[in-house]
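Colleague: I'm new to reading protein models. Could you walk me through a few features?

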Amino acid sequence: METAGPNPVDPANKKSQASAVFNNDWQPRKMHNSLILLSIVLIPTAGAFLLPVLGKVSETARNRLSLAMVALSFLLSLGILPAVFKNETVAIFRSLPLGFDFSLVADKLAVFMALVSSFISAVIILYSFDYISHYEFRNEYFFMVVLFLGAMMGLTFSGNLILMYVFWEITSITSWRLIGFFRGKQDILRADKAFLVTVFGALFMLLGFIRLYQETGSFDLLTIKQAVLVHPLSHLTVALILIGIFSKSATLPLHTWLPDAGVAPSPVTALLHAAVLVKIGVYVFARIFVATAPLDLAWQNIVPIIAGTSALVSAGAALIETDLKRIIAYSTISQIGFIFLGFSVGSGIGVAGSLLYILMHGLSKAGLFLCAGVVEQNTKTKDIRQLGGLSRTMPVTAISFLFCAFSVMGLPPFGGFFGKYMVISGALQTGHLKIAAVFLFGALLTILYLFRTFNLVFLGESKFPSAKEGSPTMVFCVALFAFLSLAGGIFINYPSHLAQATAQQAMGAR
């Protein structure tokens, strides 16, 4: 296969090269696997449009169908995992004009992200049944949540940068509506802020994709991967793409929209902060700069500095914040820094640690937000100075919050400990001693602000003696995330093996 030079090549010739690659190497060995891959994306993406119609007839049926579609995406992703681990090619490719090909590819990295996102989203939707039941706009809520997850599935399996960008923007639109769900003036302003930051960031990323096309002659990730072996990406191209990634993953200085998004319903903040939205950025970073076009030495030093600064500043903000959901949001910004660190330093153990922490942070951070939702609905406040003693009346929520917090803190034997340990080990292994020290200090700040939060909310004098636990379904969901945060650490061999195998494949070309 002829590799691309630094200048654009004939698009028609490049199209034939990409088609040849798919025809020879990327066609699925079994047709049912390609149909499964297509179903993972289409079921939630197309099925979401049925939910508002069904909701006019039966809210119960709408709720169950929304859960079924997301759960089916999870099960189907699980179904193609054996084929992916056998290194079978599972892909769909349809040639379209101008390089905007419809290309879905399932590899270990894509399936890993799909499993994490769809499972956590399914639990969040189950929690939403009772949480959202007494609010208006319920049909729109379930439509947007399921479409959001469908767009995430499409982005995860995209083998073409333009297709990836299309799904990226769908997540921006759906998250904009979900953040402004309550329709108040402040809600709308903060939703608009999130939309503008992420969309303008995405435009910079699109410019980076266009420059990448000029440098490699293709939007196809496989073709790009071959081209950059000869001609690495320019610094300007990398910088433009990183602006889009950092805006979506709320990394300093493009982070301020995420704490403001706490005006959304708690299951929405759990979805945005833990399972899907902010993880889109780190996934695209891994897809482009780990699995396709590895960063050069200069960027391997720059990105950890940005990530470390973001982690420290946001951890400091969480330490002085008094709004429960904003504290958890700042914590998300801080923990995303750990994930960027592992992906950027160029170490196998660091990449595996970041993947493992995507899973563990997703489980525990979703649990923290759902616990916050139980507290907020039963006390009508998010101000931790007005709370206290809730462990007496909400013991399951209190224990669940503590277990999830332990995992985010990185305390053994909880799952988050192993992810953070591997990430920092990767930094040390590649000689980033000062950056590793910065993140260790950030981990200490995490312990401080989460213990402070737990103490003010759940311990001390009981200020809400009449408060009670959420519904059985809501309590089950928070307890499930707490259990998995602990079980993920006790049985660490299983998720660790998955993360290491995924990292090995992603870095296989190096």
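This is a predicted model: local features need pLDDT of at least 70, side-chain atom pairs count only at pLDDT 80 or more; totals for chains, interfaces and linings use all residues.

Modeller: Residues are numbered from 1 along each chain as its sequence is written, and side-chain values use heavy atoms, leaving out hydrogens and water.

Colleague: Which residues form the nonpolar patch on the surface?

Modeller: Phe204, Leu207, Ile210 and Ile243, with about 320 Å² of accessible area together (Shrake-Rupley method, 1.4 Å probe, only the protein chains shown counting as cover). To join a patch, a residue needs over 30% relative accessible area and no salt bridge (a Lys or Arg side-chain nitrogen within 4 Å of an Asp or Glu carboxyl oxygen), and nonpolar side chains are joined within 5 Å.

Colleague: Is leucine 207 buried, partly exposed or exposed?

Modeller: Partly exposed, at 46% relative accessibility. Buried means under 20%, exposed over 50%, and partly exposed in between.

Colleague: How many disulfides does the structure hold?

Modeller: A disulfide is a covalent bond between the sulfur atoms of two cysteines. The cut-off here is sulfur atoms within 2.5 Å, and the structure holds zero. For cysteine 371, the nearest cysteine sulfur, that of cysteine 404, is 5.7 Å away. Cysteine 371 is buried at 0% relative accessibility, and cysteine 404 is buried with a relative accessible area of 0%.

Methods. Buried means under 20% relative accessible area, exposed over 50%, partly exposed in between (1.4 Å probe, protein chains only). Patches are made of residues with over 30% relative accessible area and no salt bridge: like charges are joined within 9 Å, nonpolar side chains (Val, Leu, Ile, Met, Phe, Trp, Tyr) within 5 Å.
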